[in-house]
Amino acid sequence: MSEVSIEKTQILQKYLDLDQRGKIIAEYVWVDGTGHLRSKGRTLNKVITSLDQLPEWNFDGSSTNQAPGNDSDIYLKPCAYYPDPFRRGDNIVVLAECYNNDGTPNKFNHRHEAAKLFAAHKDEEIWFGLEQEYTLFDMYDGVYGWPKGGYPAPQGPYYCGVGAGKVYARDVIEAHYRACLYAGVEISGINAEVMPSQWEFQVGPCTGIDMGDQLWIARYFLHRVAEEFGVKISFHPKPLKEGDWNGAGCHTNVSTKNMRAPGGMKYIDAAIEKLSKRHAEHIRLYGADNEQRLTGRHETASMTNFCAGVANRGASIRIPRSVAKEGYGYFEDRRPASNIDPYLVTGIMCETVCGAIENADMSKEFDRESS
C-alpha cells in the first residue's frame with residue numbers, strides 16, 4: 001500500500017491541540033441520492049447544548065444526485081448531533097435531513113416518513129438492534145490482507161477469530177469502536193465475521209427513529225476512521241460473487257413492549273404471520289443486489305420464500321433459542337442486506353408489525369426514490 005494514502009495523523013495532532021478561541025466546528029452529515037454519506041463543516045460561535053440551536057444549512061444537490069442543476073439548493077435540517085471523536089473538545093457531528101426549497105422532504109429523505117410511523121405508534125415502544133456487517137478493501141480494490149492474485153484458506157477459522165492470518169485490520173475496528181463510544185452511539189459489540197476481512201458491529205437496542213440515526217452516524221465514523229488507515233469500507237451484500245464466501249447482511253432484531261413481557265411469544269408469532277404476508281414488499285426495501293446474497297446458501301434463506309424457525313440461521317426470521325424457552329423477548333429478521341437504508345427497514349417493520357397510518361407508507365418510499 002502506498003504511504004501517501006494514509007493520513008499523517010501525528011503531524012495533524014499539533015494543529016488539533018490549538019485553541020479554537022471560543023468557536024466550535026460542526027460537521028454536517030447527510031445521506032445523498034445514491035445511499036452514500038456526504039459531509040461538510042462549518043464554524044459556530046458557541047457551544048451547542050440543544051438541537052434547536054443548530055442552524056439549517058444547504059448544499060449543491062446537483063453534485064449529490066439529489067437535485068437538477070437549474071434548481072440545485074437542498075436544505076439541511078439538523079435532526080441529531082454527537083460529540084466529534086476526531087476533532088474532540090466541544091466540536092460536534094450533526095446528522096441532518098435533506099429538504100427541497102419548497103419545504104418538502106427530498107425524495108431520498110426516508111427518515112421523514114419513518115418518523116411519522118414511530119410517532120404514531122410510540123406506545124408500542126418498538127426497539128431495534130442492527131447487526132452491521134461490512135468488508136474491508138485496500139486502496140487497489142483488493143480484499144484487505146488477502147494474497148495478491150490469490151485467496152486465503154477456506155472459511156472456518158475467521159469468525160470471531162484470534163491471531164495473525166485469521167484476523168485483519170483489528171486496529172481499524174478498535175478505533176471505530178472507541179469513536180462510537182466517545183460519541184455516545186449505542187454500539188453494543190463487534191466481531192470478526194465468517195469471511196476474512198469481513199467484520200460486524202452491532203448498534204442498539206434503540207427506540208424508533210433513533211435506530212436509523214445511530215446506524216448512519218456509526219457508518220460515518222467507520223468511513224472516517226478507515227480513511228485515516230487507507231482502508232476502504234464496502235457495504236455491498238455480496239462483495240465477492242465468485243467462490244464459497246459469505247455475503248454481508250444487516251440482521252434486524254425487533255421487539256415491542258408486549259413481546260418483551262412474559263407471554264410475549266404470542267405477539268412475536270403474530271408479528272411473524274404479518275411479515276409472511278408482506279415478504280415481497282419488505283424485500284424491495286431490504287437493500288440493492290440482495291438477490292446475490294439471499295440464495296439459500298451461506299446462512300441465508302431464499303429470497304423468494306419466507307420461513308421462520310427457532311435458532312435457524314437459514315430462515316428469513318430467526319427466533320433465538322432463549323426466547324423460545326422463556327416465552328418472550330424479540331425476533332431477528334435475517335433478510336436485510338448490509339447496504340440497507342435503516343430508515344426504510346425499521347419504518348416498514350413498524351408499519352407491518354404495528355400497523356400503517358394515513359399518509360405514511362414505507363413501501364411507497366421505494367417508488368418515490370425510483371421515480
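1. Four elements each supply at least two residues of the lining of the largest pocket: strand 2 (37-44), helix 4 (210-229), strand 9 (232-234) and helix 10 (362-370). Helix 4 gives the most, with six residues. Please keep in mind that this is a predicted model.

2. The volume of the largest pocket is about 820 Å³. Its lining has 34 residues, and those nearest the centre are Thr34, Gly35, His36, Trp216 and Asn339. By type, the lining of the largest pocket divides into 13 nonpolar, 13 polar and eight charged residues.

3. The second largest pocket holds about 610 Å³ of space. Two or more residues of its lining come from each of strand 6 (127-137), strand 7 (187-192), strand 8 (198-207) and strand 10 (250-255).

4. Which residues lie nearest the centre of the second largest pocket? They are Glu131, Glu200, His251, Asn253 and Glu332, out of 34 lining residues. The lining of this pocket is made up of ten nonpolar, 13 polar and eleven charged residues.

5. In soluble globular proteins, nonpolar side chains tend to be buried together. Here the largest nonpolar core has 69 residues, of which Tyr134, Val185, Phe221 and Phe331 touch the most other members. Helix 4 provides the largest share of this core, ten residues.

6. Beyond its neighbours within four places in sequence, Phe331 is in contact with residues including Thr252, Asn253, Val254, Met259, Ile268, Arg318 and Met349. A second, separate core has 16 residues, among them Ala26, Trp57, Leu76 and Ala96.

How values were computed
Residues numbered from 1 in each chain as written. Predicted model: local features only at pLDDT ≥ 70, side-chain atom pairs only at ≥ 80, totals over all residues. Heavy atoms only, no water. 1 Å grid on protein atoms, 1.4 Å probe; cavity = no way out; pocket = protein on both sides within 12 Å on 5 of 7 lines; lining within 4 Å. Points joined across faces, edges and corners; volume = space filled by probe spheres on them. Nonpolar A, V, L, I, M, F, W, Y, C, P; charged D, E, K, R; others polar. Core = buried A, V, L, I, M, F, W, Y, C linked by side-chain atoms within 4.5 Å. Buried < 20%, exposed > 50% of the residue type's maximum accessible area, 1.4 Å probe, protein only. Contact = heavy atoms within 4.5 Å.
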